[in-house]
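Colleague: I'd like to learn how to read helix packing and backbone features in a model. Could you walk me through one?

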Amino acid sequence: MFKETKTHEVTTDVVIFTIEDEKLKVLLVKRAHEPFKGKWAIPGGFIRISETIDAAALRILKEKTNVQNIYLEQLYTFGDPLRHPDSRVITCAYFALIRSDDIVLSFDDNSEITEVQWHPVYNLPKLAFDHKEIIEYSLKRTRERLEFCPIAFQLLPEKFTLTELQKAYELILGKKLDKRNFRKKFLASAILKELNEFTKSGSKRPARLYSFDKITLDSKRGHFFS
């Protein structure tokens, strides 16, 4: 019987979405070495023997992008035997939605990457490995989560307009939503707190500001869109 002494290596990759310049974007790093030298990729790396997968994901994210103290959700394990050109590598992927203003992108000069940038999800460059598939799966999971819980709040400022809320949903879903129907569903859901505050007046009519009711948000589990 054929016996292998080493079957695989394990990595973790982290998909982070944000909204910037009215576009849904994903955080990518440019690789400094082969394989896929000069190609963009999801931040990721090998898991150390002494650490958990969660700890590895947070460590790698901080080392490569200086992003830290954010909530990551485990997405899926990708294990196609051909996903890495040089060896058998299985990756445990994570994903998160964050506000772009909450982080300042930078990276240590560790020679593993040369750049860190946000890229529009719907206009991605050619990616290393199977990272396009991982991003697409992350977007699919995010869309599914929207039906049960309004996770788009993670992309919005603490105070926002209904227009900003709808725009976040449209960017994630990749389609336009009916304004009247959208607002009716959300205002009836009891997860929004109407504030006695408005956007600053200018050329446009001031719009009322809202925030999420955190207590209701934590307990709410219903379909918002079908």
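Modeller: Gladly; let's begin with a pair of helices. The axes of H3 and helix H4 (residues 179-188) come within 11 Å and cross at roughly 105 degrees. Helices (H or I, at least four residues) and strands (E, at least two) are DSSP runs, numbered from the N terminus. This is a predicted model, where local features need pLDDT of at least 70 and side-chain atom pairs count only at pLDDT 80 or more, while totals for chains, interfaces and linings use all residues. Residues are numbered from 1 along each chain as its sequence is written, and side-chain values use heavy atoms, with hydrogens and water left out.

Colleague: How should I read the angle between H3 and H4?

Modeller: Two packed helices are described by the angle between their axes and the distance between the axes. Axes are lines fitted to C-alpha atoms, for helices over the stretch in contact, and angles run from 0 to 180 degrees between N-to-C directions. Angles under 35 degrees count as roughly parallel, over 145 as roughly antiparallel, 65 to 115 as roughly perpendicular and the rest as oblique. H3 is thus roughly perpendicular to H4.

Colleague: Which residues of H3 and H4 meet?

Modeller: From H3 come Leu162, Thr163, Leu165, Gln166 and Tyr169, and from H4 Lys179, Phe182, Arg183, Phe186 and Leu187; contact means heavy atoms within 4.5 Å. By class, this contact of H3 with H4 has six nonpolar, two polar and two charged residues. Here Ala, Val, Leu, Ile, Met, Phe, Trp, Tyr, Cys and Pro count as nonpolar, Asp, Glu, Lys and Arg as charged, and the others, Gly among them, as polar.

Colleague: And how do the axes of H2 and H3 cross?

Modeller: The axes of H2 and H3 come within 9 Å and cross at roughly 135 degrees, and H2 and H3 are therefore oblique to each other. Leu139, Thr142, Arg143 and Leu146 of H2 make the contact with Tyr169, Ile172 and Leu173 of H3.

Colleague: How many residues of H3 are buried?

Modeller: Nine of the 12 residues in H3 are buried, that is, under 20% relative accessible area, with exposed over 50% and partly exposed in between (1.4 Å probe, protein chains only). The buried residues of H3 include Leu165, Ala168 and Tyr169. After H3 comes Gly174, with a positive phi near 70 degrees.

Colleague: What should I look for in the backbone?

Modeller: Most residues other than glycine have a negative phi, and most peptide bonds are trans. Asp21, in the loop between E1 and E2, has a positive phi near 55 degrees. At 61% relative accessibility, Asp21 counts as exposed. Asn66 has a positive phi near 70 degrees and, at 32% relative accessibility, counts as partly exposed. A cis peptide bond joins Glu34 and Pro35, with omega about 0 degrees, and Pro35 lies in the loop between E2 and E3.
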